[in-house]
Amino acid sequence: MLDQVVVIGAGIAGTRAAETLRQQGYEGELTIVGGERHAPYHRPPLSKKFLTGNVHRAGIDIAPQFDVDARVLRGASAVGLDVSARTVQLRDDGRDRSLRFDGLVIASGAVPRPWPGGPVPDGVMLLRTVEDCLAIRERLGTRPRIVVVGGGFIGAEVAATCRSLGLDVALIEKSVNPLATALGQEIAPCWATLHREHGVDLRVGVGVEEIVGNGHVKAVRLTDGSQVPADLVIVGLGVTPATEWLQDSGLRVDDGVVCDATGRAEGGTDVVAAGDVARWWHPLYERHLRTEHWEDAGRQGAAAARTLLAGPDRAQPHDEVPYFWSDQYDVKVQMLGVPTDYDAVQLVEGDPNRWEFVTAYGRGGHTIAVLGTIPNRVYAYRDAIKGRAEFPPRPPS
């Protein structure tokens with residue numbers, strides 16, 4: 001019987017976990033620990049409409065579905081976990097404190113990778129929090145020359161957003177194309193073309209040798225010897241799961257908290273994890289996945305709460321097909337499934353030249369993922385992915 005549940009993390013995974021606990025009838029004590037002082041908010045707009053100023057601050061808050069009746073500690077962070085003693089150590093307003101629990105939800109998220117070259121001049125920034133976004137947005141008002149380092153989703157979206165404001169933008173990516181890791185080498189060139197058509201100075205196959213500046217950034221020197229002028233550098237090198245506080249906890253941590261298919265953390269009792277910090281076993285893909293996607297984090301948070309309430313004998317596997325989307329210019333790309341280790345890719349609908357198409361990914365003769373730019377068309381392929389349909393899949397009627 002649970003009487004004291006602690007949720008570490010007040011993002012979408014922690015919020016959905018807390019809501020689900022109450023929705024499913026949990027009536028005991030509930031404490032939510034959030035590292036930021038803000039109420040929970042949507043992160044996807046930070047690299048898009050909130051960065052442009054088209055959405056105001058209140059417009060990104062997560063609307064509460066109902067009162068979760070919880071004690072909320074904002075600006076507090078977990079610094080340690082003792083699974084055997086069932087206590088979480090916190091740092092709250094500079095003070096150390098300890099919380100007891102008989103159920104724990106780990107949803108501490110992820111942190112952006114800093115620039116690996118040591119100290120940087122002013123004007124080199126990361127984008128992860130609302131404060132980061134507001135600080136960058138303020139600088140955009142001076143119409144700076146922008147260099148974005150890293151062509152993953154954050155970098156590509158920031159580049160697109162800044163170009164939509166008419167700013168000079170260079171995008172630097174070490175791979176041969178932006179989004180190559182997420183979309184694959186066959187599809188990623190479409191997005192390279194998209195950015196170039198919108199005026200981005202896209203540099204691929206090169207890294208950053210040095211960020212140049214004395215006090216304030218002046219340029220970025222690349223590994224090919226060229227130099228790109230810059231007044232503002234936005235670094236998007238991905239994130240790492242926030243697991244430092246779990247050292248010596250007894251939980252299995254390997255690129256995130258390793259969980260079974262129900263979200264139960266390996267090495268713990270009545271401990272679950274969800275969101276960017278968690279690596280769940282996925283029954284469909286028969287591997288552990290840490291997807292770092294907004295929709296998945298929310299669904300995992302809800303599933304983890306149900307697991308906590310059900311107990312180890314009645315918890316149900318979470319086998320939802322992973323999903324993500326990205327808006328760049330007037331193109332929305334949606335991906336249903338995970339194309340990891342695909343061995344075949346094929347256009348199944350539409351015309352890439354008109355940016356209205358669906359492409360499928362296969363492995364071992366089965367369909368494992370579908371990408372589309374036709375709004376919501378990927379959902380029609382959910383059964384094909386869940387049923388391991390023969391590749392390539394037939395377009396649903």
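Biologist: Where does Arg388 lie in the chain?
Modeller: This is a predicted model, and phi of Arg388 in it is near 50 degrees, a positive value in a residue other than glycine. Arg388 has 37% relative accessibility, so this residue counts as partly exposed. As for its place, Arg388 lies in the segment after α8.

Biologist: Thanks! Which peptide bond is cis?
Modeller: Let us stay in the segment after α8 (382-386), where Pro392 lies. The bond has an omega near -5 degrees, and the cis peptide bond runs from Phe391 to Pro392.

Biologist: Is Glu286 buried or exposed?
Modeller: Glu286 sits in the loop between β20 (278-282) and β21 (287-289). Its phi is positive, about 55 degrees, although Glu286 is not a glycine. The cut-off for exposed is over 50% relative accessible area. Glu286 has 57%, so the word for Glu286 is exposed.

Biologist: Let us turn to the helices. Which residues of helix α3 are buried?
Modeller: Helix α3 takes in residues 130-140. What covers its buried residues includes α2 (49-52), β9 (124-126), β10 (146-149), α4 (153-164) and β16 (232-235). The buried residues of α3 are Val130, Cys133, Ile136 and Leu140.

Biologist: Why are those on the same side of α3?
Modeller: The buried residues are Val130, Cys133, Ile136 and Leu140. They are on the same side of α3 because they cover an arc around the axis of only 125 degrees. An α-helix has 3.6 residues a turn, so residues three or four places apart point the same way.

Biologist: What arc do the buried residues of α6 fall within?
Modeller: Helix α6 covers residues 188-197, and its buried residues are Ala188, Trp191, Ala192, Leu194 and His195. They line one face of the helix, because seen down the axis of α6 they fall within an arc of 160 degrees.

Biologist: And what is phi of Gly199?
Modeller: Gly199 follows helix α6. Its phi is positive, near 90 degrees.

Biologist: Is Ala297 buried or exposed, and what is its relative accessibility?
Modeller: Ala297 is found in helix α7, which covers residues 294-310. Leaving aside neighbours within four places in sequence, Ala297 is in contact with Ile12, Ala13 and Gly275. Ala297 counts as buried because its relative accessibility is 5%.

Biologist: How many Å apart in space are Ala297 and Glu19?
Modeller: In sequence, Ala297 and Glu19 are 278 residues apart. In space, going from C-alpha to C-alpha, they are 14 Å apart.

Biologist: Which residues does Thr243 touch?
Modeller: Thr243 belongs to the loop between β17 (239-241) and β18 (257-259). With a relative accessible area of 15%, Thr243 is buried. Not counting residues up to four places away in sequence, Thr243 touches Val253, Gly256, Val257 and Val277.

Biologist: What about Ser77: which residues is it in contact with?
Modeller: Ser77 lies in strand β4, residues 76-82. Ser77 has a relative accessible area of 34%, so it is partly exposed. Leaving aside its neighbours within four places in sequence, Ser77 is in contact with Val33, Gln89, Leu90 and Arg91.

Biologist: How far apart in space are Gly166 and Pro339?
Modeller: Gly166 lies in the loop between α4 and β11 (169-173), and it is partly exposed, with a relative accessible area of 39%. Gly166 and Pro339 are 173 residues apart in sequence. From C-alpha to C-alpha, their distance in space is 34 Å.

Biologist: Now the whole chain. What is its radius of gyration?
Modeller: The protein chain has eight helices and 26 strands, and its C-alpha trace spans about 60 × 55 × 35 Å along the principal axes. With 397 residues, a compact globule would have a radius of gyration near 21 Å. The protein chain agrees with that, having 22 Å.

Biologist: What percentage of contacts join residues at least 24 apart?
Modeller: Of the 397 residues in the protein chain, 52% count as buried. Contacts here are those between residues at least 6 apart in sequence. Among these, the part joining residues at least 24 apart is 59%.

Biologist: Last one: how far apart do the centres of the positive and negative side chains lie?
Modeller: The accessible surface of the protein chain comes to about 17,600 Å², and 47% of it belongs to carbon and sulfur atoms. The protein chain has 42 positive and 51 negative side chains. The distance between the centres of the two sets is 2 Å.

How values were computed: Residues are numbered from 1 along each chain as its sequence is written. This is a predicted model: local features need pLDDT of at least 70, side-chain atom pairs count only at pLDDT 80 or more; totals for chains, interfaces and linings use all residues. Side-chain values use heavy atoms; hydrogens and water are left out. Buried means under 20% relative accessible area, exposed over 50%, partly exposed in between (1.4 Å probe, protein chains only). Helices (H or I, at least four residues) and strands (E, at least two) are DSSP runs, numbered from the N terminus. The arc is that of the directions from the helix axis to the C-beta atoms. Contact means heavy atoms within 4.5 Å. The radius of gyration is taken over C-alpha atoms; the globule rule is 2.2 Å times the number of residues to the power 0.38. Accessible areas come from the Shrake-Rupley method with a 1.4 Å probe; for residues, only the protein chains shown count as cover. Lys and Arg count as positive and Asp and Glu as negative; His and the chain ends are not counted. The place of a charge is taken as NZ of Lys, CZ of Arg, CG of Asp or CD of Glu.
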